[in-house]
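Here are my notebook entries from a walk through this structure. Have it open beside you and follow along.

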Amino acid sequence: MENKIADLMSRIEAMKASNMQEIEDLRVKLLGKKGEVTALFDEFRTVPPESKRLFGQKLNALKNAAHSKLESLKESLGSLKQDGAGSGNDLTMPGTPFEAGTRHPISITRSEIISIFRKFGYDVMEGPEIEDDWHVFGALNFPPEHPARDMQDTFFVTTGENPILLRTHTSSVQVRAMETLPLPIRIVCPGRVFRNEAISARAHCIFHQVEGLYIDEGVSFADMKQAILLFAREMFGADAKIRMRPSYFPFTEPSAEVDVNCNICKGKGCNICKGTGWLEIMGCGMVDPNVLEASGIDSKKYSGFAFGMGVERIAMLKWQVKDLREYFENDLRFLHEFETVI
Ligand code: DAH
């Protein structure tokens, strides 16, 4: 018995464990009902009375050694855990919930516009936000005295001849497309634009536009009407109607503004459509021959149409957002309203 106690004592001293389960297994192996220490206590009953005192002390020392070994193994596991090395964690516990964000209504609308035009065979092109005067105004037939070229309307980075500025519309990307892409061209150009405006419910100094451009031989105003009508039906529902009002833009001739029928009052007149039954969604027109020629395209052979819409405006109409500032304030109560929109 003496040898058994000595042998077990040295094995206990050498015991190691790398997690809580291993410590528990050791406890059962030593001190459980069928454990080795327990077995020695059973054997102790058969020890002759004269040896009981000696073996009793040795057995108690063995039991204490087993307890303190288990304790010290637990402690060292605790400090390992602080180092991040061991894992005393309960891996079956549910994780800390991670709150997923939602897509921003402007991103949702922007991708919806793009995917509609992609279906019609349009490619996507982007251009720089910091542009020169030529791409934003000059090549688009803006006369030198046009008010958009004034500091009051445009953010200038540099002044002088062909100044650098923040683009005021994505029509600048049409110019880059006409300069670089082979014909025919069929593109939409999404992007941020900047205007020197006081921020209010209806105006912001930063907003988003999607520009469209189609140039080929024999493109007509009727083609444009059809493309815009199909877009409106995809965006606002199969029963959407459009109307075009004559308008003016330096880069298109003829030009028009496009309205879609108000889907809130169904044309009866409400405060959103200001009693008219119609909501303006974009500007459009046939690309002015001067604009084609400025980018080196033969205006006798080619014609095309262009259109431009504000993403905030489309989103406002779709979800009846009344204040433009909501898009930029990142108030979670507002953003979570779009959780269910894919
Ligand atoms: N660039 C115009 C704006 O910012 C929108 C626009 C109107 C774009 C007519 C066009 C167009 O391409 O043909 O207000």
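**Entry 1**

I started at a strand pairing and found V188 standing opposite G212 in β5. Before going on, I noted that this is a predicted model, where local features need pLDDT of at least 70, side-chain atom pairs count only at pLDDT 80 or more, and totals for chains, interfaces and linings use all residues. I also noted that residues are numbered from 1 along each chain as its sequence is written, and that side-chain values use heavy atoms, with hydrogens and water left out.

Strand β4 (residues 185-194) pairs with β5 in the antiparallel sense, over ten bridges. I looked up the terms: helices (H or I, at least four residues) and strands (E, at least two) are DSSP runs numbered from the N terminus, and two strands pair if DSSP finds at least two bridges between them.

Which strand is joined to β5 by eight bridges? I found strand β9 (residues 303-310), again running antiparallel to β5. Here L213 stands opposite A306 in β9.

Is β5 largely enclosed or open? Nine of the eleven residues of β5 (residues 206-216) are buried, so the rest of the structure largely encloses this strand. Buried means under 20% relative accessible area, exposed means over 50%, and partly exposed lies in between (1.4 Å probe, protein chains only).

**Entry 2: salt bridges**

I searched the whole structure and got 20 salt bridges. Each is a side-chain nitrogen of Lys or Arg within 4 Å of a carboxyl oxygen of Asp or Glu.

I looked at K58 and E2, whose side chains meet in a salt bridge at 3.1 Å, N to O. This pair links distant parts of the chain, with K58 in helix α4 (residues 49-83) and E2 in helix α1 (residues 2-14), 56 residues apart. K58 is partly exposed at 29% relative accessible area, and E2 is partly exposed at 41%.

Next I checked K74 and E71, a salt bridge with its closest N and O atoms 3.8 Å apart. The two residues are three places apart in helix α4, so about one helical turn separates them. K74 is partly exposed at 37%, and E71 counts as partly exposed at 43%.

Then I turned to R245 and D259, where the closest N and O atoms of the salt bridge are 2.8 Å apart. R245 lies in strand β6 (residues 242-249) and D259 in strand β7 (residues 252-261), so the pair ties together parts 14 residues apart in sequence. R245 is partly exposed at 27%, while D259 is buried at 3%. Both residues belong to a network of salt bridges that links R243, R245, E257, D259 and E280.

**Entry 3: E131**

I found E131 in strand β2 (residues 130-132). Is E131 buried or exposed? E131 is buried, with a relative accessible area of 2%.

The side chains of E131 and R176 are joined by a polar contact of 2.6 Å. That term means a pair of N or O atoms within 3.5 Å; within protein, one must be able to donate a hydrogen and the other to accept it, and residues adjacent in sequence count only if both atoms are side-chain atoms.

Not counting residues up to four places away in sequence, E131 touches V136, P163, I164, L165, R167, S172 and R176. Contact here means heavy atoms within 4.5 Å.

**Entry 4: E253**

Last, I checked the UniProt record, an unreviewed entry, which lists E253 for "binding site". UniProt positions are given in the numbering used here, feature names are shortened, and annotations may be inferred rather than shown by experiment.

I located E253 in strand β7. E253 is partly exposed, at 48% relative accessible area. Leaving aside neighbours within four places in sequence, E253 is in contact with M286 and D288.
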